[in-house]
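Please keep the viewer open and follow the stops in order.

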Amino acid sequence: MSGTPARTAADAATTDVVCLGESMVTFLPSQPGRLADVPSFGRGIGGAESNVACALARAGHRAAWVSRVGADGFGDHLVDTIAGYGVDTSAVRRDPGRPTGIYFRTATDRAADVHEVAYYRAGSAASAMSPANVPYEALLGGRVLHLSGITAALSADCLALLRELTAPRPGRPLVSFDVNHRPGLWRGGDASPRVLLELARGADLVFVGDDEAEEAWGIVGAEAIRAALPEPAVLVVKRGADGATVIAGDTVTDVPALRVDVVAPVGAGDAFAAGFLSATLRGLPVRDRARHGHLMAAAALTVPGDLTDPPARDRADRLVALDDTAWGRLRLGPGWTGDDQEVRTP
């Protein structure tokens, strides 16, 4: 099937997905409100690519995370926590001269006007990733290499690395790219639309939100996005609560999202990518890939942080196999992934 990485006799010992990118220690507010007013914070981790790796590992895949962290306690915490999800962190490098990045955020939706994020990542260890210092044998050793536009914004060296990894080369793994347009990370911001479009055109599988496509490129609608990105074998346009449109070759598949009782609107995009990649690795049909993405996103939306355990695979497969009417009646709330929890329908 289009966009499915080929299996070989060595697959049993091969990493399924390698994720490259910065992860940071995240400080989560103890209560809603402005950063100036929040009295205390809990510690977590946050990073688009490491989130995908953790979700895939919990879903039973061999996932690896490649990055750089500081030779500090925050770096220890990141590596230990991500490894605790079952992710291979053996290719993570320590930088003795640069710190691990951290950030603080408010409890509100990232899209809300009152949402605040305070990043302390300038000069971080991950921003020093470059074509000269990453372990290529680890990056290119999996069936899928997952990247995001966030990495390209960290430094000129990081951008050079992503340009190299998205360039055509014989025998490269399937390259998955999540656009993840974050204007605040780009120095000056003027180059980001062009750069992100360039990188996306070099990938095999692209995830992009319809809102970020409009913000970055001034493009509205899945057909217009496809016209700007004709090269990827599979294009996934995320439409928030309206669902997702998947264009594989010339075939367009619209897959409605689920109704979810949202606890915290963070991590859903990464979880969707993980669910879609999981189903891609299994060779499932396009509709089922998107439905698995929606289920993974629902798992993330119904917990306070970025990461949670996905539903058991057999349970997810049963939900994905529902007919359109039954799928449309599902409503998922906190705790729905537990084995003893009922999935509600109106």
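Select helix 9 (268-281) and helix 10 (286-301). Helix 9 crosses helix 10 in a right-handed sense. This is a predicted model, and in it the two helices pack at an angle of about 145°, with their axes 7 Å apart.

Now show the side chains where these two helices meet. On helix 9, pick Ala-268, Ala-271, Phe-272, Ala-274, Gly-275, Phe-276, Ala-279 and Thr-280. Their partners on helix 10 are Asp-288, Arg-289, Ala-290, His-292, Gly-293, His-294, Met-296, Ala-297, Ala-300 and Leu-301. Colour the contact of helix 9 with helix 10 by class, and it divides into eleven nonpolar, five polar and two charged residues.

The crossing of helix 10 and helix 11 is right-handed.

For the contact itself, select Arg-287, Asp-288, Arg-291, His-292 and Leu-295 on helix 10, then Ala-316, Asp-317, Leu-319 and Val-320 on helix 11. By class, this contact of helix 10 with helix 11 holds four nonpolar, one polar and four charged residues.

Next, turn to the cavities. How many cavities of 30 Å³ or more are counted? There is one, and the largest cavity has about 80 Å³ of space. To find the largest cavity, select its lining: Asn-51, Ala-55, Gly-267, Asp-270, Ala-271, Met-296, Ala-299, Ala-300, Asp-306, Leu-307, Thr-308 and Pro-310. Helix 1 (48-58), helix 9 and helix 10 each give two or more residues to this lining. Which helix gives the largest share of the lining? Helix 10 does, with three residues. The lining of the largest cavity consists of seven nonpolar, three polar and two charged residues.

The last stop is the second largest pocket. Select Pro-29, Arg-105, Ala-107, Ala-264 and Pro-304, which lie nearest the centre of this pocket among its 13 lining residues. The volume of the second largest pocket is about 170 Å³. Its lining is made up of nine nonpolar, three polar and one charged residues.

Conventions. Residues numbered from 1 in each chain as written. Predicted model: local features only at pLDDT ≥ 70, side-chain atom pairs only at ≥ 80, totals over all residues. Heavy atoms only, no water. 1 Å grid on protein atoms, 1.4 Å probe; cavity = no way out; pocket = protein on both sides within 12 Å on 5 of 7 lines; lining within 4 Å. Points joined across faces, edges and corners; volume = space filled by probe spheres on them. Helix = DSSP H or I, 4+ residues; strand = E, 2+ residues; numbered from the N terminus. Nonpolar A, V, L, I, M, F, W, Y, C, P; charged D, E, K, R; others polar. Left-handed = near helix turned anticlockwise from the far one by under 90°. Contact = heavy atoms within 4.5 Å. Axes fitted to C-alpha atoms, helices over the stretch in contact; angles between N-to-C directions.
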